[in-house]
Amino acid sequence: MTPNEEPISKFQLIRSFLKSDFSRKVIETYLSQIFTLGISFISVILFSRILGPTARGILATAMAIMALGVQIGNIGLHSSNTYFVSKDRSLLSLIVGNTCVVSLVLGTLVSLFIWGGYLANPALIPINGFILFLTSLLIPFALASLLFQNILLGIQEVRTYNKIEISVRVFIFVFICGLFFLEIRSVETILIVNLLSLLIGLYFTWRKIKGSLQQKPAFSAQFLKMSLAYGVRSYLSSFFAFLVIRIDLLMVKYILGFEQAGYYSVAANIADIFSMCPVIIGTLLFPKIVSITDEKRRLQLVKKTAFGVFTVMSILGLGCLGCAKMIIVSLLGEPFLPVIPAFLWLLPGLIMLAVNVILMNYLASIGIPWITIFFPGVAALANVVMNLKMIPYMGIIGASISSTICYSLMLMMSLIYIRFRKRPNEQIYPQEV
């Protein structure tokens, strides 16, 4: 700062941050997610009232099978789509071409695998007939929707992404309201509505991506192989991270039974809502830092973002300390008081997890070194061992403490690796591609 320059006030810094393009995208995406969450919640209520408990269970099973099929079929390509298109926009035509082929081929293969499981042993697949057909039909389109949405994020069309998300949710909500008033009580009809919503979302996503294409989409087996090299690492890293976050709920149910698992599931659901903000920030930060070629600038942005996330989540955590009881009792009633200590013991770990989300996106931006699979794997194993020791004696509080320790362990390992890793950053594909 020169002698003639006036110092910048904290208010000016805050206002400058709020006016930045990145913060605008974060705020817009966060508000759109809150909106879609609210719409989805109301839709679930309408689903339940239209169908009743038994049919609602059938619908939930069908949607779970579809989600599992998409999870199996994407093999990490949603992450590689964002990574590669952010790193090199000229690869867009290959990414789009490969996405079309993968969605059709893998989505169809997964659907056929589900049908094969049903034909071999109907007990394995608890739905059948036209419902099973519609569920299988949903998988390729849901897979395509996931992969194309990540292309949108990669080309930083965040506003379009949010508009499509909101539009699809509103479309489903309007149709469900129509079914409610017409008293049409059919799982098949609701599945068809979901299929139509996917097709509408895909149409508008394709229109936006098509405008950014400089060449016709083309399939490339060589590039698909490189995408898989990145995607499989992302897939494994996400899988072990998922185990760290979710294995405790399964172990609570196994050790303590359904009632305590019910309490802990509420704490986990609140934790999911609490963690929504850093997940959104990490998702939007990823294509931005991938596009930065200068390693020093990339790392500076990551450090600033991680510190900002730590500050915001700490403030929110302090707020939760003061009002957790009031919120839980007013929304769920006094029978759910055991949720409060479980959630409060989770809070410190959630703050550590929020910071680690940012750091893991940084590690993904440098090609996902294998160490990023090792970290969550170690944490998942540690979580299982600690849960076995702590849950029988401390109940769901033991599960919360175990999770907090493991989230902190993951953050510590990420910080150590980033501090001592060699420069420059890794290359995931050769320059001639």
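These entries go from the helix contact to the ring pairs.

I'm working from a predicted model, where local features need pLDDT of at least 70, side-chain atom pairs count only at pLDDT 80 or more, and totals for chains, interfaces and linings use all residues. Residues are numbered from 1 along each chain as its sequence is written, and side-chain values use heavy atoms, with hydrogens and water left out.

**Helix contact.** I looked up α3 (residues 77–87) against α8 (residues 221–256): they pack at about 115°, axes 8 Å apart. Helices here are DSSP runs (H or I, at least four residues), numbered from the N terminus. Axes are lines fitted to C-alpha atoms over the stretch in contact, and angles run from 0 to 180 degrees between N-to-C directions. On the α3 side, Tyr 83 and Phe 84 are among the residues that meet α8, whose own set includes Phe 223 and Tyr 230; contact means heavy atoms within 4.5 Å. Those four also turn up in one aromatic cluster with Phe 286.

**Ring pairs.** The whole structure has 14 aromatic pairs, meaning Phe, Tyr or Trp rings (six-membered ring for Trp) with centres within 6.5 Å; planes under 30 degrees apart are stacked, over 60 edge-to-face, the rest tilted. I noted Phe 239 with Phe 240, edge-to-face at 5.6 Å and 65°. Next came Phe 375 and Tyr 417, with centres 6.3 Å apart and planes at 75°, so edge-to-face. Phe 375 is in α13 and Tyr 417 in α14, 42 residues apart. Both Phe 375 and Tyr 417 are buried (under 20% relative accessible area, with exposed over 50%, partly exposed in between; 1.4 Å probe, protein chains only).

Key:
Helices (H or I, at least four residues) and strands (E, at least two) are DSSP runs, numbered from the N terminus.
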